[in-house]
Amino acid sequence: MTIERQQVAKRMSRIVKHNGIVYLCGQVCKDASKDITEQTVTMLDKVDELLLSAGSSREHMLSATIYLKTMADFAGMNAVWDAWVPEGQSPARACVEAAMARPELLVEISVTAVEREA
């Protein structure tokens, strides 16, 4: 059994790979002073970068869990999400309202995907 950890820090690894499955740690936006649209866009940009780094892509997502500070932002987040997810490639998804690590954060995501075949 091989477990590969990438971008390892004290509390977490940004990427963990095991048996062809890619697990990303929770991702947040690049600038928490922005609105839900911009926070979602930059959060998903980070997901794209990590998936690419791990040998995967958004087309290979298995599941996503989205955390919103308030469900009042559900429609705004979904507008970005719907444009980002390739048609016919939607992962299993959950979206919940949650307390965030910092008060200015509006959205966070955790993603599981499979590696692309070589």
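Reader: Let's start with I109. Which residues is I109 in contact with, leaving aside its neighbours within four places in sequence?
Author: The list is C25, G26, Q27, M43, L44, V47, A64, T65, I66 and W81. Contact means heavy atoms within 4.5 Å. A caution: this is a predicted model, where local features need pLDDT of at least 70, side-chain atom pairs count only at pLDDT 80 or more, and totals for chains, interfaces and linings use all residues. Residues are numbered from 1 along each chain as its sequence is written, and side-chain values use heavy atoms, with hydrogens and water left out.

Reader: Which residues touch the most other members of the largest nonpolar core?
Author: I109 is one of them, along with L24, L51, W81 and V111. That core holds 24 residues. A nonpolar core is a set of buried Ala, Val, Leu, Ile, Met, Phe, Trp, Tyr and Cys residues joined through side-chain atoms within 4.5 Å. Buried means under 20% relative accessible area, exposed over 50%, partly exposed in between, with a 1.4 Å probe and protein chains only.

Reader: Which element gives the most to it?
Author: Helix 1, with 6 residues. A separate second core has 5 residues, including V28 and M100.

Reader: Now the sheet. What order do the strands take?
Author: The order is 1-2-3-6-4-5, in an open sheet of 6 strands with mixed pairing. Strands (E, at least two residues) and helices (H or I, at least four) are DSSP runs, numbered from the N terminus. Two strands pair if DSSP finds at least two bridges between them.

Reader: Which strands stand at the edges?
Author: Strand 1 (3-8) and strand 5 (92-97). Each has a single partner strand, so one side of each lacks a neighbour in the sheet.

Reader: How many bridges join strand 1 to strand 2?
Author: There are 5, and the two strands run antiparallel. Q6, for one, has I15 in strand 2 as its bridge partner.

Reader: Switching topic. Where is D31 found?
Author: In the loop between strand 3 and helix 1.

Reader: Is D31 partly exposed or buried?
Author: D31 counts as partly exposed, because its relative accessibility is 33%.

Reader: What does its side chain join up with?
Author: The side chain of S33, through a polar contact of 2.6 Å. A polar contact is a pair of N or O atoms within 3.5 Å; within protein, one must be able to donate a hydrogen and the other to accept it, and residues adjacent in sequence count only if both atoms are side-chain atoms.
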